[in-house]
Every structure is written in C-alpha cells, then in structure tokens.
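Thanks for coming, everyone. Let me put the structure on the screen, and then we'll walk through it.

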Amino acid sequence: MQKVPRKQGKKDRKMSLVLLAAAGLLLLCAGAYLLLSRPADLPAPEKAEEIWIVDEEAENILGLLIAPGEGASYPLVRINEGMRLFGQEEMPLRDDVVEEMLEAAGHLKAVHVIGRPEEISARLSDFGLEEPSLRVALTLSENEKKEILFGNSVPEAEEEMYYCLADGVVYTVLAAPCDALFHDAEYLRAFDQPELQSDLIDRIELTGDKEMTLQYTPVGFLMERPYQYPADKQKMNALLKKLDDMAFEAYLGTPEENDMAALGLEKPCLTVVLTQAESVISGITAEGESVSFTVPEKKYTLQIGNETGKSGVYVCWEGGVYKASNFLLGLWKELQTEEFLSRTPMDFQVEQLSSLTVQKDGVQTCYRVEMVEAVTENNEIAADEYGQTLYDARVYKNGMETDASAFLSWYLQLNSLAFSGKVQDGWEKSGEKLAEIVIDTDVLARSIAFYPYDALHAVMTVDGKGVYYLEKTALSLLENLP
C-alpha cells in the first residue's frame, strides 16, 4: 500500500511549478543534445539487382593479400599457374582450400547496396569498416588492383551476412562463401588426413585426465580399465564411426617447429593410443595373378593439448602438430566411463554360445547349444541370398534335447532384465549368492552372479564386478526354466 501524500501549502505549490519548469527545460535540452549527438539512422538497404562486386575467373587473379584485423597478413602469388605463399613458395598448399579462396574473392556478389557513407550520412564505424575484421586485396594485372574490406555481421538478417566496402560503396554479402577468406596462413599448408579403418581397431587406450582401455574380442569389446566389464555395443559402434570421420583443420609442422609447452603438448592432458590390427590385402595383378600381402599391426598416438581459443584444440598425431576442431575431437574429452558400460552383459549372439549354466537354490541346470546346418523342405542345405549357409540352433538341457525356440525366447528375456540403478561407489558383496549364470563361448567364459543389495534389490556382478542393481523379483525368471 502506498503512503498518502501530505497536503501542501500554496508556497510549496509555487516552488513545485518552478522546479517543474526547470526540469522540463533540462529535459528539452537533453533531448536536443541526444538528437544532435547520436549516430544518424542507417538507411534501409536496397536489394541488389545482380551486382557483382568482383567477377573474375580464378586464373586471372595474380595475387591475393589476406590481412585479418587480428593476426598475421599473408600474400598468395601466382607462380607457374599455381598459387603459392610469398616467401614460402616451396611449401605445398591445400589445393581445395586455395580454390575455395579464389572463388570467394573472384566471384563476390552483393545482396544489398547500402550506398556511399558520405551520401547516406553514415560513418564507416557504423558498419565495422573503420577497423575492418578483414582486408582482401586482389591483383588482377600489373596495373589493376582491387581492395575489399569486411566489417560487422548484418544484424537481424535471415541469413548470416557481412557489411563490405569496395570502391567506396558499402554492400552486404553472404557470409558463407566469404568465410573461406578468413583462414589463417597455416590453414593452407598441405597435409594428409588420418586414414583409420575402424573395423580393424582392436584396442583403444586413454591416459591422462581420463584412464580407460577398451579391448576388442570376437564376442564384443571389453573394458579393461578402470575395471573389467563388457562394453556397450552401440556406444562402441558410435565411437568407431567417429574414428572414421576424424580429421584435422590445419597442419602446424613438426614438434621441433612448434613451442610444444605453449600448445599444451609437452604434457598433454590426454593421450589416446589406437591399435589397428594386422590385416591381409588381396588383389589381382594386371596379368591376372592373385596376390596378397600382410599389413602388420600398427599403433597410432594422439595427444591433446590446449584449446586454440577459436573452438579448436592443438593435437599431436604421428609426429605432426595440428589444429583440430573440438566438434570432431572433443569426443575424447567428453568420454565418460559409465556410458560405455553394457547394460546387457549376457547378450551374446546365439551362434557364439557353447553352453549356459544356471545355479539357484542349490539346483544347477545346464544348456548346451549347437549350431547345425538348416535344411529346406527338399532336404537341401539352406542358404541366404548371398549363398551363405544358414544354421539352426539345437539346444540340450542337462544332456536331453529341448525346445530351441522356448530356450531362445527365455534367453531374450534374460537379456532384457531392467536395472533399477547403479550401485554406490565402494560397494562390496556380502551375504549368500542368490543365483549365478555362467555363459561359455569359444572365446571366453562369463560369470553373472546376483547378491543382496537391500531388502528389495539385488546387485548383478559380472566376473565379480558389481555395477547395477535390479529388483529381486526379476530373478523369478531363473525359477521357471524352459
């Protein structure tokens, strides 16, 4: 509730009128001052009708000077029909990047025409052109040169655009093609991108800020550090796919050419060692002779250093120093051990099973699984569309053949057990074992045991390691066996 104002006398009212008049005069003066001192309103841009700021074929550009507002300038010059960095003519460049830059500089089209600043009562600083973010100078012939300045981004534009100045006129241009002109000189240096074959990667080791090892086995990846546990298949497939796509943005040279301490690579925060398995390459010679040779196992080392400050990171890869995008390589920093823990540790393919043994309440039940060739109605061996032989599962329960489809349906339910949560750190098994499942394959044996967690839940341990707990009622699946 507001306070009720006191009633004023005549003297107070006269004083208020004087103060009100003075305040009004001050406001009028202030308004006039602001009106005179504020920047003139920028005119509405006019849509350009097919106006080319520059329209030159790449081969006609003899020189290209790139001068960023922040950073080092560098000139590209044409030598023997190719562009080279002036002063470093022997250094090979990335042809695709150079072509993209020549295309951007040589075919620059206006989106809008703003006008000449002096004619529209505007200042270059209104467009960020007094101190431009980039200056580009083209040499088209001995006597013909052209300069283009790039300024601020155009506010509230549907597509990202920049203001630019050429021949005294301010334009707007689309940002996408022009961004190629903002590359640093080091971005132009030629190098070979990593060529990994993810289907051959059989070991991934991380040390430093994160400690984790993932080892391939014929029945799936296994986490070895920080503790042994089956790895999640989908997460592993996603990680391996990212290895196929791993690429760098710029090559900075050898470690000897760089200040490794300043880049954070003298003591990298993370080291990744990728082991690519031995493989055999086969082919046919021009004479029709079949040949093959073995490619030995190879280890690749990736070291991750400081961030570049431009959404990137410095890395060392196989004796070379690079800049890389956090979008591609940030995955190593963001890896979490927990997301790679399998929630279906009993999920082997049927053809991988040799036997499965269940022990509960002092009763042991053993299933033996055999894969036999499938036979058609015509008593022929069944094959798929590629000619590969098809197999059926034959299941024996305690030595006696049993219904394979019933076993497989139960096995599917076994691998769909729903977990209620993750056990607390430092949990140790106590009390009597509630049940145990031992799965044998040709590669390894896996023990799945269940121990009390609280009155309602049990912990599932995998080869002795407990990670998740589930409701005890879920163990009823081990009572009515097929």
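Salt bridges come first. There are 18 of them in this structure. By that I mean a side-chain nitrogen of Lys or Arg within 4 Å of a carboxyl oxygen of Asp or Glu. A word on the source: this is a predicted model, where local features need pLDDT of at least 70, side-chain atom pairs count only at pLDDT 80 or more, and totals for chains, interfaces and linings use all residues. Residues are numbered from 1 along each chain as its sequence is written, and side-chain values use heavy atoms, with hydrogens and water left out.

Take Glu-339 and Lys-235. They form a salt bridge, with the closest N and O atoms 3.6 Å apart. This pair links distant parts of the chain, 104 residues apart: Glu-339 sits in the loop between helix 5 (326–334) and strand 23 (353–360), and Lys-235 sits in helix 4 (residues 233–245). Helices (H or I, at least four residues) and strands (E, at least two) are DSSP runs, numbered from the N terminus.

The cut-offs: buried is under 20% relative accessible area, exposed is over 50%, and partly exposed is in between, with a 1.4 Å probe and protein chains only.

Another pair is Glu-436 with Lys-433, where the closest N and O atoms are 2.9 Å apart. Here Glu-436 counts as buried, at 16% relative accessibility. Lys-433 counts as partly exposed, at 40%. There is also a network of salt bridges, linking Asp-184, Glu-186 and Lys-323.

Stay with Glu-436 for a moment. Its side chain makes a polar contact of 2.8 Å with the side chain of Ser-447. A polar contact is a pair of N or O atoms within 3.5 Å; within protein, one must be able to donate a hydrogen and the other to accept it, and residues adjacent in sequence count only if both atoms are side-chain atoms. Ser-447 lies in strand 29 (residues 445–452). It is partly exposed, with a relative accessible area of 22%. Beyond its neighbours within four places in sequence, Ser-447 touches several residues, including Ile-437, Val-438 and Val-462. Contact means heavy atoms within 4.5 Å. Thr-461 is 14 residues from Ser-447 in sequence, and their C-alpha atoms are 8.0 Å apart.

Now the inside. In soluble globular proteins, nonpolar side chains tend to be buried together. The largest nonpolar core here has 67 residues, and Ile-204 and Trp-332 have the most contacts inside it. Helix 6 (residues 404–414) gives the largest share of this core, 5 residues. A second, separate core has 36 residues, among them Ile-66, Leu-76, Leu-108 and Ile-148. A core is a set of buried Ala, Val, Leu, Ile, Met, Phe, Trp, Tyr and Cys residues joined through side-chain atoms within 4.5 Å.

What does Trp-332 contact, leaving aside its neighbours within four places in sequence? Its partners include Ile-204, Leu-206, Leu-239, Val-272 and Ile-304.

On to strand 10 (residues 161–166). All 6 of its 6 residues are buried. Met-161, Tyr-163 and Leu-165 point one way, while Tyr-162, Cys-164 and Ala-166 point the other. Strand 9 (residues 145–153) joins strand 10 through 4 bridges, running antiparallel. In that pairing, Ile-148 stands opposite Ala-166. Two strands pair if DSSP finds at least two bridges between them.

On strand 11 (residues 169–174), strand 10 pairs in the antiparallel sense over 6 bridges. Cys-164 stands opposite Tyr-171 there. These two strands form a hairpin with 2 residues between them, and Asp-167 in the turn has a positive phi of about 55°.

How many disulfides does the structure hold? The count is 0, where a disulfide is a pair of cysteine sulfur atoms within 2.5 Å. Cys-178 is buried, at 1% relative accessibility.

Last, the overall picture. The protein chain has 6 helices and 31 strands. Of its 482 residues, 39% are buried.
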